[in-house]
Amino acid sequence: MTKSVMTRAGLFTRAAPQQLSRSAGGGRIDRSKPVSFTFDGCSYRGYEGDTLASALLANNVHLVGRSFKYHRPRGILAAGSEEPNALVRVGRGARAEPNLRATQVELHEGLYAESQNRFPSLKFDVGAINSALQSFFPAGFYYKTFMWPASMWMTYEHVIRHAAGLGRVADEHDDPDRYERIHAHCDVLVAGGGVAGLMAALQAARSGARVILADEQNEFGGWLLGEADVTIDGDTPAGWIAGVVAELAAIDDVTLLPRTTVFGYMDHNYLTLTERVTDHMASPPAHLPRQRLWKVRATQTILAQGAHERPLVFSGNDLPGVMLAGAVRTYINRYGVVPGNRTVVFTNNDDAYRTALALDSAGAHVLVVDLRRDLRGELVKSVRAAGIEVLSGHAVTIASGTQHLARVQIAPVNEGGSTVLDDPFHMDCDLLAMSGGLSPAVHLHSQARGKLGWDDRLLCFKPTTVHEASFNAGAGNGVFDTEKAIADGLKAGGAAAKAAGLTVSDTEAPAIEAPNQSWRPLAAWKIGNGYGPGQGPKAFVDFQNDVTASDVGLAAREGYQSVEHLKRYTTLGMATDQGKTSNINGLAILADALGREIPEVGTTTFRMPYTPASIGAIAGRDIGTLFDPTRLTRMDEWHRANGATFEHVGQWMRAWYYPKDGETMQDAVNREVLAARTTAGILDASTLGKIDIRGPDAAEFLNRLYTNSWLKLGIGKCRYGLMLKDDGMVMDDGVTTRLGENHFHMTTTTGGAAGVLDWMEEWLQTEWPDLKVYLTSVTEEWSVATLSGPNAAKILQAAGIDISLDTADFPFMSMREAHIAGLPVRVFRISFTGELSYEINIRARHGLALWTHLMAAGEAFGLTPYGTEAMHVLRAEKGFIIVGQETDGSVTPQDLGMDWIVSKVKPDFIGKRALERASMAMEDRKQLVGLRTRDRRRVIPEGAHAVLDPNEEMPMTMLGQVTSSYYSPNIGGSIAMAMLKGGRALMGGTVYLPMLDGDVIEAEVVEPMFFDPKGERING
Amino acid sequence: MLLITCPHCGPRDESEFSCGGEAHIARPLAENNLTDAEFADYLFLRDNPKGLFLERWRHAAGCRRWFNMARDTVTHEIVEIYPMGSGPASQAGKAAHAASWRRDTAAEAAAKPAPKARAKKEQVS
């Protein structure tokens, strides 16, 4: 019957089928609010309060995805975040999000979802051929199959990526949604709002703690919401929960976060939470972000994550229609969905009997198959009293069906379930509810480096000691019984409040009535199927990664004895579910294969995130233009109005060049470069780093910081300085000016400004705290216009500067305070072009006024604005280096031919001793040279490598690289600088620069000085 | 994400700080001669211990001040935070300081103005 309904649903794509598996009443869904949704192009109806999974099951849709490796049909296994199979893609266009667990997707009107990992369709998938070829896909088959030839890897990878992988990301990459980040602090963070978590939060809150309670579900209560056989203080679970939540909500210091997953637990109680704010809404209000990332620093944490039910490992256990028993109960009681009519409950413990009773009450036929022989206890009696047949010492050995469970094979088995003792019988059924015992969800505890211990009775790992200020409570602590879990939560809440320095409230635990059951499962890890070892239909351990029991056995036989190796080799416990349902079964089967005990084999480390977190939430609003600040100079408006193109220099936007109508970049740069040498150019140099240095020891400090001498620099004088790291390598350069006896103005490179300030602070604070020096970054305080060229002085005069510009009165490398158009300015006569040059500094806010005033004054002289590209060409014509272009952190002043700037008499400066190392004098160090191409029109690409013999066999002996290369209109040819091994010894010789296309550029090694080598133009 | 108590600003997230690596590496004075190998101890060699580590940190996105911190590299426990220019006060910090191989290096000795002291000693004898 199930199959025929599914087929019909597939055929009539527009019709919304009835919810055939919906119970007549009950559940926490709102039957007055029907909701329509679309899955794989077919419309369905569900109710508000449904998850996508419960609504699909209500419509008898079990087949929801194809598996990762074998493309086997897969259905819904669980009812919570541990779901390994039902991964769907939700939403359309740019809003599509892959790999969401259908069990966590709340239904809303118009919800659009698709299955994943199937081609061309869910019911007919060509990849399923992998399943037929199963013997070719053993554990580690990627490693074995795609090893050789190495050159084929790119091809393999393409095919693998297409065939494997999980969901597809959105087709459009511009996410239209908004995300937020929020920082929060609290005394107690409670992760998980089941009984234990609620009780813990209540106790902590009553004790006066600031509490954050987060739960991944849409409402608090956890598993309790799916139990119909429990009363708390005489009330239904839902009634009791509502009371507790109401009390918590009324307390100001309590923050309740439903739909919020605590997904990461980091050092010092720092936790990250994703709150799904609007994902459940059909039409979210505009003011809300889609998701919020909470970054919480908690004084204490209480981890009440609950437990995950384990599947049983038997042949065919992955068929749609095979579900976890606890999940089946949740679907019946919480969602009013009965996922089958002819049902088999297969268990090794008492808890599944509650599911048998729930199925029976819902009107389904039930058979209980229990691996245990000796059945005792109230639940077993209740089940038998209800007229349900119970087979003890039996197992479901094989489940079969094509796209849905159709029949099971049941046989008597030995104590551990591994051996079939007698002939099996067959039974038709459409639902198998399995229970292999519970595993505490210790993910957060483990992320926080808490230790785990094996519980021999409960057959699970549970927390033993914590590493952070943290408590475990409830099922996550191995306390599965409702009454005990509440007591455990109460205890943890009190302990956390006490640890946070509060007085613990006197709270009594509520009275619980619940079935009296044993929580001890039978150890039965791998169920026999009557075939030989490793034969017969596949029995899955990890559903999400398609890891079978035989894969684990194979890995053990191939020598993967460590559980960490097993994980990587078989991929067990990887991917989005992080082994929530598979870890313990995998470990147990490995332990068995190795002949060791489970605790000896140990566990793998759980990684964050607990469930996948969207990148959008992590990025928050730090995207697009808000990713990093963009810094603009005060003249930016003028540059834009005058057609400048820009380049990024660090965070700054600098004018790159100013193309006029029809000009190419090269045309524009040539024009700007020529103007600066024939009349005058003007550059916006506001971005240069500027540091104000004051204090009685300022000169002494500079003397130690720079390689040259600073003590005797006169007031009003400028000096160029080179700054080294203590390893002797150049780190920055710039001109520093003495403004007063104890006052200097330092300039740094644009990109190096922040780093240089930090560097200076470091030395002052950590090495020379005795020096009285105070540093202030003043980069943003000054706007700087650099006038450069033979007419620079005339333009300044035309602009009305109120000082004499005579070289005698205002010599090179000095500073004068003056006024231009009534505004006070500092004028520095320094030059990065080799021309007569003035760097005019003005209070930042007057930058644009100064610039436009100078442009007007210079109009008659043909004053030309030039950008950073022309600046580079002009300085390269003079052989001036740029730190970070010619240098790369491995270059000394000597390598640059700048020995002249390194003091031989100063007792010490940063880098001095390192420069004296023997290795610094080696002749084959890379040294700065100029390159003059034989073909004068040919500009060498920057980064090109030079060789002596272009005919040498590859790999050739490389001399070094071209660091700067331009066409120089002033020279009428190509110029370049390069760092070449033993470069100065090559002077006058020829080097070759082989290009990728086989072409070879030939160049002569020359002095890195192409224009005005005697410096005659500096005074105009 | 460590919670670091800046001596000037109070407890703040690690993301506001930058780590400056091993603390208590004295810079040899230029007046003392060292071989290249001895100098390399100062210039290049840095510890990476398992356990307590004395480090320099800076409140980069705050007051920009440097300080010392004794942090366990395994547990991430911050044992103490103490000012630049002083040594650790805790027993564990003192022990880690004393146990460092660096205490016996010529580079560390060369950070002190040794010759004068030696001259004085010679006068006494």
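**Close-up 1. The largest nonpolar core of the predicted model.** This core has 177 residues, a nonpolar core being a set of buried Ala, Val, Leu, Ile, Met, Phe, Trp, Tyr and Cys residues joined through C-beta atoms within 7 Å. Those with the most contacts inside the core are Val188(A), Val211(A), Leu432(A) and Val552(A). Helix α6 (residues 195-206) of chain A contributes the largest share, nine residues; helices (H or I, at least four residues) and strands (E, at least two) are DSSP runs, numbered from the N terminus. Ile842(A), Ala876(A), Leu896(A) and Ala978(A) belong to a second, separate core of 100 residues.

**Close-up 2. Helix α10 (residues 378-385) of chain A.** Leu379(A), Val380(A) and Val383(A) are buried, whereas Lys381(A) and Ala385(A), on the other side, are exposed (buried: 20 or more other C-beta atoms within 10 Å of the residue's own; exposed: 12 or fewer; partly exposed: in between; C-beta atoms are placed from the backbone). The buried residues line one face of α10(A), because they fall within an arc of 100° seen down its axis. Their cover includes α9 (351-361), β18 (365-370) and β19 (389-392) of chain A.

**Close-up 3. Gln765(A) in helix α21 (residues 753-767) of chain A.** Gln765(A) counts as partly exposed because it has 17 C-beta neighbours inside 10 Å. Leaving aside neighbours within four places in sequence, Gln765(A) is in contact (C-beta atoms, placed from the backbone, within 7 Å) with Arg65(B), Trp66(B) and Met84(B).

Residues are numbered from 1 along each chain as its sequence is written, with chains lettered from A and ligands numbered from 1 in the order in which they are written. In this predicted model, local features need pLDDT of at least 70 and side-chain atom pairs count only at pLDDT 80 or more, while totals for chains, interfaces and linings use all residues.

Note on methods: Contact = placed C-beta atoms within 7 Å. Arc of directions from axis to C-beta.
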